[in-house]
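Have the viewer open as you read.

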Amino acid sequence: FGEIVQGNVATFLESINTADWLTGLIVDGIIGGVGAVLGFVPQIMILFFLIAILEDCGYMARVAFIMDRVFRKFGLSGKSFIPMLMDTGGNAGSQSSTLIIRGLALGEITTHDYLKVMFKELRVGSVVAIVLSVVNFLRIYFIEHVEFMVGITVCASLFFTVILAKVVGSILPIIAKKLKFDPAIMASPLITTIVDAFALIVYFMLARTLLGI
């Protein structure tokens, strides 16, 4: 959509002999800048829609109450854990998608390599998830003296979130390529939104199961 608008406006400005600097300002600066921001709107709407569902179900308030005792030591509320978990998954997914998009662009990866890619990212994600989970558990249990089950819930959520992010971030660009779309559309913003939504679902499901809330 943005390319269509930019192309039509550029053609119109050239037809009326507009100065090059003014054409660049309008097309690349104003329309391009606004279009880049508008590209995030669908992902933001989906994310806030899912968060609204979790709020209405009562999970957000329950988990925030449990985590409140942890984050009060840092002067934060219980909900502060949610962006920390989401950002970890978003970063992991973005790293995977960036590498896969680069591989597809250079011809190092084809759509037939999806099983190999998934298996590799699953192994890498498992190592990263284990290290992050163990380090965080040792910190919050022995240093912060948080309850054992709360620490297990946080670290289990982190573990599954990282693995899920790595797999999703690696497979979506390949799917886009298979469907004849530009794999770049599966870059950081979209991957982060999808992984953020799944991270919340994983977190609340584990909190409900392990903490009985």
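## Threonine 161

Threonine 161 has a relative accessibility of 1%, so it counts as buried (buried is under 20% relative accessible area, exposed over 50%, partly exposed in between, with a 1.4 Å probe and protein chains only). You'll find threonine 161 in helix α7, residues 148-178 (helices are DSSP runs of H or I with at least four residues, numbered from the N terminus).

Its side chain reaches the backbone oxygen of serine 157 at 2.6 Å. Skip the neighbours within four places in sequence, and threonine 161 is in contact with Leu85, Gly89, Ala199 and Val202 (contact means heavy atoms within 4.5 Å).

## About the model

This is a predicted model, with local features needing pLDDT of at least 70 and side-chain atom pairs counting only at pLDDT 80 or more, while totals for chains, interfaces and linings use all residues. Residues are numbered from 1 along each chain as its sequence is written, and side-chain values use heavy atoms, leaving out hydrogens and water.

## Lysine 166

Helix α7 also holds lysine 166. Buried or exposed, then, for lysine 166? Lysine 166 is buried, with a relative accessible area of 8%. Again leaving aside neighbours within four places in sequence, lysine 166 is in contact with Ala92, Ser96, Glu121, Val124 and Gly125.

## α6 against α7

Helix α6 covers residues 114-143, and its axis comes within 8 Å of the α7 axis, crossing at roughly 155 degrees (axes are lines fitted to C-alpha atoms over the stretch in contact, with angles from 0 to 180 degrees between N-to-C directions). That makes α6 roughly antiparallel to α7, a label for angles over 145 degrees.

Note on methods
Helices (H or I, at least four residues) and strands (E, at least two) are DSSP runs, numbered from the N terminus. A polar contact is a pair of N or O atoms within 3.5 Å; within protein, one must be able to donate a hydrogen and the other to accept it, and residues adjacent in sequence count only if both atoms are side-chain atoms. Angles under 35 degrees count as roughly parallel, over 145 as roughly antiparallel, 65 to 115 as roughly perpendicular and the rest as oblique.
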